[in-house]
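Dear colleague,

Please find the structure below, handed over for your use. My notes on strand pairing and on contacts between aromatic rings follow it.

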Amino acid sequence: MAKTLELRPLGNTGLKLSSVGFGASPLGNVFGPVSDHDAVASVRHAFLLGINFFDTSPYYGGTLSEKVLGKALKALGVPRNEYIVATKCGRYADGFDFSAERVTRSIDESLERLQLDYVDILQCHDIEFGSLDQIVNETIPALQKLKESGKIRFIGITGLPLGVFTYVLDRVPPGTVDVILSYCHYGINDSTLEDLLPYLKSKGVGVISASPLAMGLLTESGPPEWHPASPELKAACQAAAAFCKEKGKNISKLAMQYSLSNKDISSILVGMNSVKQVEENVAAAKELEIFGKDEKSLSEIEEILKLVKNQTWPSGIQQS
């Protein structure tokens, strides 16, 4: 099958990421058990369909996601430069630790689990839970040393509140942080990341946006029990999903296409753990490339979500 997914440049890194990225947290059984067979099959299928970007973290499933992704990538049997791997540091099953010593040890542990000699991007994970000044003065300088050693190629930061990105980027030398990963801020219900894009572009920073389905809000089955959104936001999203279903549309596909349509975002990361999910996400992207956005359905959904638009929730420790 031809690789037809669009590749987009990531800031000043020179990397080109597939517009759909493979979020590997579900491989850590974060959303229920996934067999090794299904994990390997979904990674292989994603790669065959043109997905070249895989994102994980030692936090997902208490290191299980990294191990399973490593096994699956090895099973591909293709040259290392054909796929791009991002992992994270600073957040672990037993808590947060952004010290230079811990993140330096962390990459060696991650490389061993991933069975790789280097990762393309190492990201400080959910920095709002640490001290942002420590991130600026200690963590990022430690990552720069890792960059010089060749264990990582690029440095990233991730978090929920958008303010953490400007705080750090305003305080580090230009070109120090290569990538930001934002989640739940570029979807039909919340597009606040858009306001930050010109700033990030001016800094030469690549942008990855995760969770286009808002951690399950924009799905027919609805969010998990622990979802931190307000009852009114949950109810509005439920109403939007029911409306789409009535019209013979799928809210998840429309949400995915909404997020993919902004070309200033290099990749939309979505968690996947089955061949079926991979096919649905790639199909949504291809359909968007051929036919463009379904403006009518999207404006109808936006009308339903109008009163809760851009309503976020405080960062919380997500259940793992």
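Strand 5 (residues 84-89) pairs with strand 8 in the parallel sense, over 4 bridges. Please note that this is a predicted model. Within the pairing, K88 has Q123 of strand 8 as its bridge partner.

Together with helix 4 (residues 132-149), strands 8 and 9 make a right-handed β-α-β unit.

Turning to the rings, the structure holds 5 aromatic pairs. One of them is formed by F22 and F54, a tilted pair with 5.4 Å centre to centre and 40° between the planes. F22 belongs to strand 3 (residues 20-23) and F54 to strand 4 (residues 53-55), so the pair ties together parts that lie 32 residues apart in sequence. F22 and F54 are both buried.

The pair of F96 and F129 is stacked, because the ring centres are 4.8 Å apart and the planes meet at 25°, and planes under 30 degrees apart count as stacked. F96 lies in strand 7 (residues 95-96) and F129 in the loop between strand 8 and helix 4, 33 residues apart. F96 is partly exposed at 29% relative accessibility, and F129 is partly exposed with a relative accessible area of 29%. Ring pairs also link F96, F98 and F129 into a cluster.

Charged groups sit over two tyrosine rings: R91 lies over the face of Y59, 4.1 Å from the ring centre, and the charged end of R171 is over the ring of Y167, 3.5 Å from its centre.

With kind regards

How values were computed. Residues numbered from 1 in each chain as written. Predicted model: local features only at pLDDT ≥ 70, side-chain atom pairs only at ≥ 80, totals over all residues. Heavy atoms only, no water. Pairing = 2+ DSSP bridges. Helix = DSSP H or I, 4+ residues; strand = E, 2+ residues; numbered from the N terminus. Right-handed = clockwise from strand over helix to strand, strands pointing away. Phe/Tyr/Trp six-rings, centres within 6.5 Å; stacked < 30°, edge-to-face > 60°. Buried < 20%, exposed > 50% of the residue type's maximum accessible area, 1.4 Å probe, protein only. Lys NZ or Arg CZ within 6 Å of the ring centre and 35° of its normal.
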